[in-house]
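The exercises below can be worked through with the sequence and the model at hand. Try each task before reading its solution.

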Amino acid sequence: MEAKKHLFGSTEKSDFILNMTKESTQKMMGMFSIISMWVLALCALPYYLTKDTIRETEEVNGFVVTHYMTENTVIIMSTVLIAIGFLCGLMFLIAKMKEEVTLKNKKGLVTLVLFVAMSFVTLMSAVSLRAGFFGHSYRNDGFLQFLACCGFVLMGMLVTGETWRRRFCDNLVAIGASQALFGILQVVFPKLPNYFNELFLGFPAGLTNENVNDRGYLMDAYPCATGLLCSPQALAAVLTVIFAFAAAGVMYAKGGKRKVLYLAACGLMAAASILTHILPGLIGIPCVLGVLLVIEIIRLARKNVLWSKKALENSIVWCVIAIAISGAVFLGFKLGGGIELRDEDVIFTETFTRLSTSYHVRSNTDMNIYADYRNVGSAAVTYELDQKKYFGLGQDNLDTMYGVVTGFRNDRTYNDYLDMILQRGVITFATYCLFLLYALYNGVKATVAFYKKQQPFYGAAALAGMIGYLVVMFWNTSGPTLTYYLYLCIGMAVMYGEQKALSPKEKKQAARQKAAKSK
């Protein structure tokens, strides 16, 4: 019998990783990735359950200041994200040692290194180094959280083996369906924990209005779905990404039961997206469906079966998806009282009542709130672009402009790309664009590999999810509950796009060799 290897002359108990089989390694990586995604999905529970729970009150300069438990529990989400992000790096090293993953033919990842390096440079020049590193006390979107999100590129590359890839996709869709279901229940039962069960309208002239809450804010009892992601914006972005995997699963997954479950998940996510009552929730899923439709048309055209019986069967499947989603959208309309977009109310509810980062009276511009924030001629944006054009103010540092620039209203423009330019400068933004181009290129390669039956459909789904996410971020902003989904998709695209899969002939040969060894 062959002697087992040991590290540095240690005992067998301390070097079990070195002696793990290929199947054990794949199981370890798959279980780590699945459990991590569920922990991240549920770690906001303490933050939700402590909503409106008073911790203590104190008198400051003659004013009574109330401190809530959320000041302590909000940090849990960020802490869990950081821990898992860095664990991804450790697991990647183990997987590389076991030759489950490799960096060969992945030279394009240097764009991620450049992006991280330039983000660090902007951190060093930040107005507030502490905010730049740890993030604003409630947004928690600093450099440390950004590094953790980069770890999810590695997670996307960790899951190997057909069984664990399928299980990971199943669990990802289950997470999306769970978030969507809880979001729907938040609208149906407004007493469920939700930071958006009422929308902030402003300050009343007097405190006699029945819609004035105990903090003196004029509120509108108009619940919006958030799931356990803290905001409608985050829920819209996350459901956009996960919907891509669910819809692709309806088309390409094996097994009738899985297809039905994926279809049910599609319906839940479509309904919940409508109930966010914001523009990103309205356009994200149609964008993903459009990308998947193009992928399917190209797939059929490549096989010269665009008008065949198979194409007709696929068209029927698409019709079933469309009917299910239409029904879900109709349900969303009925539950939400129609398709009323409340983007400005949602933004001010988040920035004023949840995050305390709004510093100006509301403008009541409704949907023009996005253009109002992005007006390059405004004093705040002009100052930032002129004074900090190349390196920005620093990540999560926009609120440092309060009191410095007349007319500064909010710590975000709710355009993730403009926010990055203002926070990290045009040089860092250029490296980010290079990284995204590399990711999209690999997404296309992964889709081509799917066409050739060299890879499963997950790479094509990751491409659709990436594109949908990048579109909705024109009306959205990053955060610790949503950004890592983009990086996860990028990692999956790199894995399926760069890693050459075995051909059917090579798979049969490998199976014969495995059978021969077992005898």
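**Exercise 1.** How are H9 and H10 oriented to each other, roughly parallel or roughly antiparallel?

Solution. The model is a predicted one.
- Step 1: locate the two elements; helix H9 covers residues 256–274 and helix H10 covers residues 279–302.
- Step 2: take the geometry; the helices pack at an angle of about 150°, and their axes are 7 Å apart.
- Step 3: apply the cut-off; angles over 145 degrees count as roughly antiparallel.
- Result: H9 and H10 are therefore roughly antiparallel to each other.

**Exercise 2.** Which residues make the contact of H9 with H10, and how do they divide into nonpolar, polar and charged?

Solution. 
- Step 1: from H9 come Met 269, Ala 270, Ser 273 and Ile 274.
- Step 2: from H10 come Gly 281, Leu 282 and Ile 285.
- Step 3: sorting these residues gives five nonpolar, two polar and no charged.

**Exercise 3.** Is Lys 106 buried or exposed?

Solution. 
- Step 1: the relative accessible area of Lys 106 is 6%, and buried means under 20%.
- Result: Lys 106 is buried.
- Step 2: list its partners; neighbours within four places in sequence left aside, Lys 106 is in contact with Met 157, Tyr 438, Val 494 and Glu 498.

**Exercise 4.** What percentage of the residues of the protein chain count as buried?

Solution. 
- Step 1: the protein chain has 18 helices and four strands.
- Step 2: of its 519 residues, 54% count as buried.
- Step 3: the chain exposes about 23,600 Å², with 64% of that supplied by carbon and sulfur atoms.

Technical notes:
Residues numbered from 1 in each chain as written. Predicted model: local features only at pLDDT ≥ 70, side-chain atom pairs only at ≥ 80, totals over all residues. Heavy atoms only, no water. Buried < 20%, exposed > 50% of the residue type's maximum accessible area, 1.4 Å probe, protein only. Areas by Shrake-Rupley, 256 points an atom, 1.4 Å probe, with all protein chains shown as cover. Axes fitted to C-alpha atoms, helices over the stretch in contact; angles between N-to-C directions. Parallel < 35°, antiparallel > 145°, perpendicular 65-115°, else oblique. Contact = heavy atoms within 4.5 Å. Nonpolar A, V, L, I, M, F, W, Y, C, P; charged D, E, K, R; others polar.
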